[in-house]
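Please open the structure in a viewer and keep the selection panel at hand.

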There are 2 protein chains.
Amino acid sequence: MTPGTLFLVPAPLDFGCDTQAPLSDVLPDHTLRTAARLTDWICENAKSTRAYLKRVDAVHALARPLQELSLAELPHGVHKKGDHAAGGFDASPLLAPALAGRDIGLVSEAGMPAIADPGSSVVRAAHELGVPVVPLVGPVSLLLALAASGLNGQNFAFVGYLPVDGVARAQRIRELEALALRTGQTQLFIETPYRNLALWEALMKTLQHNTRVATGTGLTLAGGRCASRDVKAWKPLPCPLDNSTPAVFALGR
Amino acid sequence: MTPGTLFLVPAPLDFGCDTQAPLSDVLPDHTLRTAARLTDWICENAKSTRAYLKRVDAVHALARPLQELSLAELPHGVHKKGDHAAGGFDASPLLAPALAGRDIGLVSEAGMPAIADPGSSVVRAAHELGVPVVPLVGPVSLLLALAASGLNGQNFAFVGYLPVDGVARAQRIRELEALALRTGQTQLFIETPYRNLALWEALMKTLQHNTRVATGTGLTLAGGRCASRDVKAWKPLPCPLDNSTPAVFALGR
């Protein structure tokens, strides 16, 4: 039996936001058509996947009614820390539909699955099992923010979340700044929205005056904004973020 | 005068390839509509931008005939090494149309401008001049390859090109492997297509048996392929790349 293909299906970036982007603003038609025809899904969260597929259905009719689709959730242990930090898990059973010959979708709550989001164990299992993997085009907040930062896009790193504890966080910020200044490698990171302001204050307090800091928030949304300045130019200004909209942070020189 | 907006306009990934992806496979309609209405462009290469805009015109009619558009090329010094390695340049004059109130597009030959491609000096100048920067959604080969690699997507770095000299290249490969194994940070890099096979051989000869290597090639195209295995599983197999199609390389654990 020829296995089905595992499609990596990006989702819009408006999860948990007050406003929504029309799907055709952020997803190519091919991505939407593929999402509409898949009947088997592996997802971060079944509820938000249903909400997403309902929006897809309004553009291209789903191949089967929403309630007849198979939505398998990833184990909760890998959600926040990611598959690798959690030690991975055996995702082979989730790929049974693909081994039975059906195409299958992997989707997260926002953006690209397996990037700053769980799912890499599923991709790895697909490669092991000989299931072809096809990533589809869609929004990736990290890369939108990086492109709009004016920081070095030829050498960059995404390091996930910074520590919550104030002392450890300041130490990590100094470590990332030293790395960026020494190597020219832009450092990207994210934070849970309700901690945006706390992280911003820590950045302003900890970083050197000439270090450049950029943020992208509400990317692809109507009120979205990208801003980039060095710390001494940022300091007199109000924080460019609120505590409810997802943001990406970048620092470099 | 309210300045225009600088739109970062992604291009398809088929530049220089034998096959082309239909634009609607890889670009959301909003990106295509925006590209169609812009009359002022800053680009890596005017000829390839004209070819791209001709394809856009077939989907949404351009606001003005192609020959009436203003296409300003980036200085050639920043092309390969990137704006930062080249020491940057003063891009303010290129933004004159935006200061005169017109929206303006920044575009590279493939993928997202300013990511693994020149353009960051333009973005930086826009921020300095108070020109709003809006990144549009489109394909980014690095991120498609990373998502499809099964490698860690919560901590990753893109380091550009490896050295061409064999000894320096092997040393850099060992350095990236040590970093990936020690920190769990996936290391991504690219190569000029005609050196794909040479780089592949160097990876196979230099890396440890249990290090995982992934490649994505011809991404978003009909013959595109993503593959991911540890070195000992790769070794008996033929190289998954040819010397003519752009590829992204990733290594990690």
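**Before starting**

This is a predicted model, in which local features need pLDDT of at least 70, side-chain atom pairs count only at pLDDT 80 or more, and totals for chains, interfaces and linings use all residues. Residues are numbered from 1 along each chain as its sequence is written, while chains are lettered from A and ligands numbered from 1 in the order in which they are written.

**Stop 1: both chains**

Select chain A and chain B and colour them separately. A rotation of 180 degrees, with 0.0 Å of shift along its axis, places chain B on chain A with an RMSD of 0.0 Å; copies are superposed by least squares on the C-alpha atoms of residues with pLDDT of at least 70 in both. That is the relation of a two-fold axis. The same surface serves both copies, since 100% of the contact residues of chain B recur in chain A.

**Stop 2: the interface**

How many residues of chain B are in contact with chain A? There are 49 residues of chain B in contact with 49 residues of chain A, where contact means that the C-beta atoms of two residues, placed from the backbone, lie within 7 Å. Select next the elements of chain B that give two or more residues to this side: α1 (23-26), α2, α5 (120-129), β5 (133-135), α6 (141-147), β6 (156-161) and β9 (225-230). Helices (H or I, at least four residues) and strands (E, at least two) are DSSP runs, numbered from the N terminus. With 5 residues, β6(B) gives the most. The side of chain B that touches chain A divides into 28 nonpolar, 17 polar and 4 charged residues. Here Ala, Val, Leu, Ile, Met, Phe, Trp, Tyr, Cys and Pro count as nonpolar, Asp, Glu, Lys and Arg as charged, and the others, Gly among them, as polar.

**Stop 3: the domains of chain A**

Select residues 6-135 of chain A for domain 1 and residues 141-252 for domain 2; such bounds come from an automatic or database domain assignment. The C-alpha centres of these two domains of chain A lie 28 Å apart. Their contact takes 10 residues from domain 1 of chain A and 12 residues from domain 2 of chain A. On the side of domain 1 of chain A that touches domain 2 of chain A are 6 nonpolar, 2 polar and 2 charged residues.

**Stop 4: α2 and α3 of chain B**

Select residues 29-37 (α2) and 46-59 (α3) of chain B: these helices pack at an angle of about 110 degrees, with their axes 9 Å apart. Axes are lines fitted to C-alpha atoms, for helices over the stretch in contact, and angles run from 0 to 180 degrees between N-to-C directions. That makes α2(B) roughly perpendicular to α3(B); angles under 35 degrees count as roughly parallel, over 145 as roughly antiparallel, 65 to 115 as roughly perpendicular and the rest as oblique. Show the side chains of B:Leu32, B:Ala35 and B:Ala36 in α2(B), which meet B:Leu53, B:Val56 and B:Val59 in α3(B). This contact has 6 nonpolar, no polar and no charged residues.

**Stop 5: α7 and α8 of chain B**

Finally, select residues 166-183 (α7) and 196-206 (α8) of chain B, which pack at about 55 degrees with their axes 10 Å apart. That makes α7(B) oblique to α8(B). In α7(B), B:Arg169, B:Ala170, B:Ile173 and B:Arg174 meet B:Ala202, B:Leu203 and B:Thr206 in α8(B). The contact of α7(B) with α8(B) divides into 4 nonpolar, 1 polar and 2 charged residues.
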